[in-house]
Amino acid sequence: ELLAPGETPEGYTGDGEDAPVYGDGAAAAGRRPGSQSAPAAGKQRPSQVAVGGSDDDSDGSLVHIDLIRAKDLMKTDMIGKSDPYAVLKYGPTQQDKTPSIKNTQNPLWNHGSDFTREGDSPDLRIEVFDADRFGKDKSLGHVDIDPEALSNLEQPHWIPLKGAAKSGQILVNSELLGPGYAPAEYDPNGVYPTLSDADLALLGDGGRNGDGGIAGGK
């Protein structure tokens, strides 16, 4: 339909019940109203940016980060395993935090964060900590990446952490979302690639090569 400003689609009540959901059966029932069709397990639909916007136009656009899980994290407690959580920092003022998962070196967070897109494309820092009831929380490693470069890969990737003797890896997905777009679906238990050393260098240094993207994982 072609709609004038303020008009709503025919038959739409505004409560989300009549919003279009593509597909049928259980696949459609499991998606949010208004979301696009879900890809097959382990697949991502292309990231979306605001229609009509330029690369430097951040009005209304979001950087959506899915911090899915971690594996092989360093053990810091004398008794038991770590209680890991992660802090995500985008630009100078935007920050989010996952819940702490008790007694594991392989936490499943499945945590989504939305940050207002900034025109200068600042790095995203993700740092994993071990929650400690009796002292300072210990860092289990961190990574600094360009989330817009990561979004070009269009599926989650494993990224090695740095800063600790045995830092482990985190599974991360990034999308650029224009107004009205919902994040893509994915399988948190799917098999995903690990970023190559060359891609890690690009992601940590502006995330761009000669053609504006990065090559992909291995």
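Strand S2 is mostly covered, with 6 of its 7 residues buried, where buried means under 20% relative accessible area, exposed over 50% and partly exposed in between, as found with a 1.4 Å probe and protein chains only. The model is a predicted one, in which local features need pLDDT of at least 70 and side-chain atom pairs count only at pLDDT 80 or more, while totals for chains, interfaces and linings use all residues. Residues are numbered from 1 along each chain as its sequence is written, and side-chain values use heavy atoms, with hydrogens and water left out.

The chain as a whole gives the setting for this strand. Its secondary structure comes to 3 helices and 8 strands, the helices (H or I, at least four residues) and strands (E, at least two) being DSSP runs numbered from the N terminus. Along the sequence these elements follow the pattern α-β-β-β-β-β-β-α-β-β-α. Of the 218 residues in the chain, 43% are buried. The chain exposes about 11,600 Å², of which carbon and sulfur atoms supply 50%, the areas coming from the Shrake-Rupley method with a 1.4 Å probe, and for residues only the protein chains shown count as cover.

Strand S2 belongs to an open sheet of 4 strands in the order S3-S2-S5-S6, in which the pairing is antiparallel; two strands are taken to pair if DSSP finds at least two bridges between them. Strands of a sheet pair through backbone hydrogen bonds, either parallel or antiparallel. Strand S3 (94-97) and strand S6 (138-145) stand at the edges with a single partner strand each, so one side of each has no neighbour in the sheet. From one strand to the next the twist averages 15°, the axes being lines fitted to C-alpha atoms, for helices over the stretch in contact, with angles that run from 0 to 180 degrees between N-to-C directions.

On one side, S2 (residues 84-90) pairs with S5 (residues 124-130) in the antiparallel sense over 7 bridges. Within this pairing, Pro-84 has Asp-130 in S5 as its bridge partner, and Tyr-90 stands opposite Leu-124 in S5. S2 is also joined to S3 by 4 bridges, and these two strands run antiparallel, with Asp-96 in S3 as the bridge partner of Leu-88. The hairpin of S2 and S3 has 3 residues between the strands, and in this hairpin Gly-91 takes a positive phi near 70°.

The chain also holds an open sheet of 4 strands in the order S4-S1-S8-S7, with antiparallel pairing. Here S4 and strand S7 (157-160) are the edge strands, each pairing on one side only, and neighbouring strands are turned by 30° against each other on average, direction ignored. S1 and S8 pair in the antiparallel sense over 9 bridges, and in this pairing Lys-71 has Gln-169 in S8 as its bridge partner.

Side chains now come into the picture. In soluble globular proteins, nonpolar side chains tend to be buried together. The largest nonpolar core has 27 residues, and Ile-126 and Ile-170 are those with the most contacts inside it; such a core is a set of buried Ala, Val, Leu, Ile, Met, Phe, Trp, Tyr and Cys residues joined through side-chain atoms within 4.5 Å. At least two residues of this core come from each of S1 (62-71), S2, S4 (108-116), S5, S6, helix H2 (147-151) and S8 (169-177), and the largest share, 4 residues, comes from S1. Leaving aside neighbours within four places in sequence, the contacts of Ile-126 include Leu-67, Ala-86, Leu-88, Val-143, Leu-161 and Ile-170, a contact meaning heavy atoms within 4.5 Å. A second, separate core of 5 residues includes Trp-158, Leu-171, Tyr-186 and Tyr-192.

There are 2 aromatic pairs, counted when the ring centres of Phe, Tyr and Trp (its six-membered ring) lie within 6.5 Å, with planes under 30 degrees apart taken as stacked, over 60 as edge-to-face and the rest as tilted. Tyr-85 and Phe-129 form a stacked pair, 5.5 Å centre to centre with 20° between the planes. Because Tyr-85 lies in strand S2 and Phe-129 in strand S5, this pair ties together parts that are 44 residues apart in sequence. Tyr-90 and Phe-115 form a tilted pair, 5.7 Å centre to centre with 35° between the planes. Tyr-90 lies in strand S2 and Phe-115 in strand S4, so this pair ties together parts that are 25 residues apart in sequence. Both Tyr-90 and Phe-115 are buried.
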